Amino acid sequence: MQVVWQYHVEEPVSAAGILPDHGAVRGTRPLYLVQRDAQPRRNSRNPETEKPLKIWDILNKQVRLPMGQDTLLWCRVLKMPSIDRKHHVVKYEPVIQPGSHQYLHHMTLYECRGNQTQLEAAAQTNGDVCNAPDKPAYQCNTIAATWSLGSEGFNYPPEAGYPLNPSNGPHYYMLETHYTNPQLDAFISDSSGLRLLYTEQVRVHDAGILSVGIDPNWRHIIPPGQHEVVSEGHCISDCTGQTIPNTGINMFAVIMHTHQLGRKVRLRQIRAGDELPPIAADVNYNPNYQEYRRLQRPIKVYPGDHLVAECTYSSETRGAITLGGLGTREETCLVSALYYPRIELSLCYSLPSLPTVLHSLGIQKLKQGSSPVMIEEPRKLAGMTLEERLLGYDWVSNFQSFQEVTRSGTFKPLCGNGKGALPGTDNLEVHYPRILRPYEETSAPCAKKPLRNKLSMLLDEDGDIGAPVDPDSDEANAVERGQLVRSKVSRSSDAGPMAGSSSGLAVSTAMILAAATVVAGAAFR
C-alpha cells in the first residue's frame, strides 16, 4: 500500500481541523500494513524465554564506487562463524552505512561450494568485482539471504530456520552487492552488508530459498514504448519432479525483484494442466520497495508442479529496447521463494531459445562464424547485423507478433543447485506448459464489516496489528480490489498432485488509519 502522510508542528484548532499548507511536512511511502512479524510474542501463554541470539555481521570493507560508472557488482567471500554443531539463522537484516542507502540496489548472500583453498584465499581479501575474468569460479550459486530496496529484513517462522551446519553445510559464503550511482557521484565508498542472527536452539525444519525467473541474458528482450510487456521465467516440472519429495514443500514467503521497468509480478503454479491461484501476486509493484511478502498460510508445491515467474513491464519511457542483464538500466524477472523442508534445488530459471528469439525478430538464419553476428536469411535482411536488427526493428507494428512468438516458441530451462545443473536438464528445449483449466480471477464486491471489529483487532492485548486471524475465516487470505487470492475453499494446492482446481470466496475489508490516507495496495498472501 502507498501511504500518504502529512503533519504540522502546530496543533489544529479542533479534532476536525485541517492542517495548514504552510509549514506542513508531507510525503509518501510504500508499506505492507497487514504483514505481521513471525516471531512469537512472549505472554502468559508463551512463558518460554529463548537464549540470546548470536550475531554474524557480513559487511563490505570500504568499497569504492568507480568514477564514471553507474553500476557496480561487488563480491566478497567470507568464512562462516566458528561453531561446532548446527545452528539456525532465524532473522536477518540490512546494515546500511549512513549516506549509502541511495547507492544500494540489492545485496545477496550465496553459499559457496568451490575449491576450499581458493575460497580461503579469497576470504582473506576485501573482495573484487563480480565475475572478474582473472578470478576462479567459486561455485557460489545457492542463495542464503537476500535484501533489496525498501526491505527491512526477514524473520523466519517459528517452525523453520536457515541452517548453518559445520558438518555438511558450506563453510564459505559470498556477499554480492549491487551498487547503483546514476548521478555518477564521485568519491563514494561503502561498508554496508547483512546481519544474520542465529541460535543453537535448532527448529523443526531447515529452510531454503528457491529462485524462479529469467536468466539475466540478452535474449530477454523488452521492446520500447509499450504500456505493458509480459515476460515469463519457467521452473519446469522435470526440475521439481527430480527434487521435491512426494510430501511436497511449504512456501511461506517470497521476495519479488525487477529493475526500474517492473510494474506487476506474479508467481504462478500449474499442476497436471490445472492452473492454481497465484502463489503471490503484486499488481502495483514498486521497484523501489522490494520487501518480503509473508504468505498468509504456507502453500504446498509438489513434484511435477510447473512454476512461472511472470513480470509485466512498462517501457513507455524508453526509446530503445531493454535487454536482460544485471545492470540497473537492464532488466530482470525473479521471484525468490522461502520454503521448508530444504531440497537440492536452488535456481530454477529459463530463457528463450535462440531460434525463438530469431523468429520473433523475423530472422530465419544467421551467418555462421561471422563477427559481428550477421543475418543470412531472409534475403531482405541479408548483410544486416543482429544488433542493427534489434535497434531498428519496427516494434510499433510488430509488438503483438513478438509477444505471441515468444510465448509459443521454445525456451531453455536452467535448473540446478550448488553442485551444478540437474541431470538430464542441460540440453532441453521445451514449450510452454499445456494448461487445460486456466486460472480466472474472480471479482467480488467489498464486504463491509463493523469498524469496531477492525479497531479491536488493531488494539488487541499484544498490540500486534497483524494479529493472527481465524484460519477458517475469509480474512486469512489477502485480497486487493476484489481479486481472489486463495481462500480455504480454493486451496487445491494443499490437496496434493491429484487434486483438481476449484474456486473460492473473496473478501476485502476496510482499514481506517488515523492521520494517514492509504492508496494503491499490493496483493500478496
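This note covers the model's basis, its nonpolar cores, its disulfides and one surface patch.

1. Basis. This is a predicted model, in which local features need pLDDT of at least 70, side-chain atom pairs count only at pLDDT 80 or more, and totals for chains, interfaces and linings use all residues. Numbering runs from 1 along each chain as its sequence is written, and side-chain values use heavy atoms, with hydrogens and water left out.

2. Largest core. A nonpolar core here is a set of buried Ala, Val, Leu, Ile, Met, Phe, Trp, Tyr and Cys residues joined through side-chain atoms within 4.5 Å. Buried means under 20% relative accessible area, exposed over 50%, and partly exposed in between (1.4 Å probe, protein chains only). The largest nonpolar core has 52 residues. Tyr92, Leu109, Leu164 and Leu338 touch the most other members. Strand β5 (residues 71-79) gives the most to this core, with six residues. Strands (E, at least two residues) and helices (H or I, at least four) are DSSP runs, numbered from the N terminus.

3. Another core, of 38 residues, lies apart from the largest one. Its members include Ile244, Tyr339, Ile343 and Phe399.

4. Leucine 164. What does leucine 164 touch, not counting residues up to four places away in sequence? Its contacts (heavy atoms within 4.5 Å) are Trp56, Met80, Ile83, Arg85, Lys86, His87, Val89, Tyr173 and Tyr198.

5. Disulfide count and pattern. A disulfide is a pair of cysteine sulfur atoms within 2.5 Å. The whole structure holds five of them. With bonded cysteines counted along the chain, the pattern is 1-3, 2-4, 5-9, 6-10, 7-8. Three of these links are described below.

6. Cysteine 75 to cysteine 130. The S to S distance in this disulfide is 1.9 Å. The link is right-handed, with 105° about the S-S bond. It connects distant parts of the chain, 55 residues apart. Cysteine 75 is in strand β5, while cysteine 130 is in the loop between β8 (128-129) and β9 (140-148). Cysteine 75 counts as buried because its relative accessibility is 12%. Cysteine 130 is buried too, at 10%.

7. Cysteine 239 to cysteine 415. Here S to S is 1.9 Å. The angle about the S-S bond is -60°, and the link is left-handed.

8. Cysteine 311 to cysteine 333. S to S is 2.0 Å in this pair. The link is right-handed, with 85° about the S-S bond. Cysteine 311 belongs to strand β23 (residues 306-313) and cysteine 333 to the loop between β24 (322-323) and β25 (334-340), so the tie spans 22 residues in sequence. Cysteine 311 is buried, at 0% relative accessibility. Cysteine 333 is also buried, at 0%.

9. Surface patch. Trp5, Tyr7 and Val25 make a nonpolar surface patch of about 270 Å². Patches take residues with over 30% relative accessible area and no salt bridge; nonpolar side chains (Val, Leu, Ile, Met, Phe, Trp, Tyr) are joined within 5 Å, like charges within 9 Å. A salt bridge is a side-chain nitrogen of Lys or Arg within 4 Å of a carboxyl oxygen of Asp or Glu. Accessible areas come from the Shrake-Rupley method with a 1.4 Å probe; for residues, only the protein chains shown count as cover. Valine 25 is in strand β2 (residues 25-30). Valine 25 counts as partly exposed because its relative accessibility is 31%.
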